[in-house]
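Dear colleague,

I am handing over the structure below, and I would be grateful if you kept it open while reading. My notes on what was found in it come after it.

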Amino acid sequence: MIEKPGEVEEGLFLSPEDVKVLFTLLKAREYALSGAERLVLSKIEDSLYACLSVDEIEALLPKNPGRASGAGSERQGR
């Protein structure tokens, strides 16, 4: 994209909490994302890695992708 002098690039500004929510939603469906959606996820990941630790980002990841919440309870009787 070529900008003309004096032109301001438009954009969208999200709060850190908004970015975390979008990351969680997109990451959970990463296997089914289109190319454009993967690009958005990549930008979100770059943003998160700039301000969070790896441990903080891992805490945002879905615990059991593709499984209903509470589905791991059958392992308690071991």
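This is a predicted model: local features need pLDDT of at least 70, side-chain atom pairs count only at pLDDT 80 or more; totals for chains, interfaces and linings use all residues.

The protein chain averages a pLDDT of 80, and 76% of the residues score at least 70. Over residues 67-78, however, pLDDT stays under 50, and for that stretch the model has two contacts beyond four places in sequence.

As for the overall layout, the protein chain holds three helices and zero strands, so that, read from the N terminus, the order of elements is α-α-α. Of its 78 residues, 14% count as buried, and its accessible surface comes to about 6,600 Å², of which 56% belongs to carbon and sulfur atoms.

With 17 residues at 1.5 Å a residue, helix α2 should span 24 Å, and its end C-alpha atoms are 25 Å apart, which agrees. Which residues of α2 are buried? They are Leu 41, Ile 44, Glu 45 and Leu 48, and because they cover an arc of only 105° around the axis, they lie on the same side of α2. An α-helix has 3.6 residues a turn, so residues three or four places apart point the same way. On the other side of α2, Gly 35, Ala 36, Lys 43, Asp 46 and Ala 50 are exposed, whereas the buried residues pack against α1 (16-28) and α3 (54-60).

Glu 45, in helix α2, deserves a separate word. Its relative accessibility is 17%, and it therefore counts as buried, the cut-off being under 20%. Leaving aside neighbours within four places in sequence, Glu 45 is in contact with Phe 23 and Lys 27.

Val 19 lies in helix α1 and is buried, with a relative accessible area of 12%. Although Val 19 and Ile 44 are 25 residues apart along the chain, their C-alpha atoms are separated by 6.6 Å. Not counting residues up to four places away in sequence, Val 19 touches Leu 14, Ile 44, Ser 47 and Leu 48.

Leu 33, with residues up to four places away in sequence again left out, touches Leu 26, Arg 38 and Leu 41.

Where does Leu 52 lie? Its place is in the loop between α2 and α3, and with a relative accessible area of 19% Leu 52 is buried, since the limit is under 20%. Its contacts, apart from residues up to four places away in sequence, are with Lys 20, Ile 57 and Leu 60.

With kind regards

Notes: Residues are numbered from 1 along each chain as its sequence is written. Side-chain values use heavy atoms; hydrogens and water are left out. Helices (H or I, at least four residues) and strands (E, at least two) are DSSP runs, numbered from the N terminus. The expected span of a helix is 1.5 Å times one less than its number of residues. Buried means under 20% relative accessible area, exposed over 50%, partly exposed in between (1.4 Å probe, protein chains only). The arc is that of the directions from the helix axis to the C-beta atoms. Contact means heavy atoms within 4.5 Å. pLDDT is the predictor's confidence in each residue, from 0 to 100. Accessible areas come from the Shrake-Rupley method with a 1.4 Å probe; for residues, only the protein chains shown count as cover.
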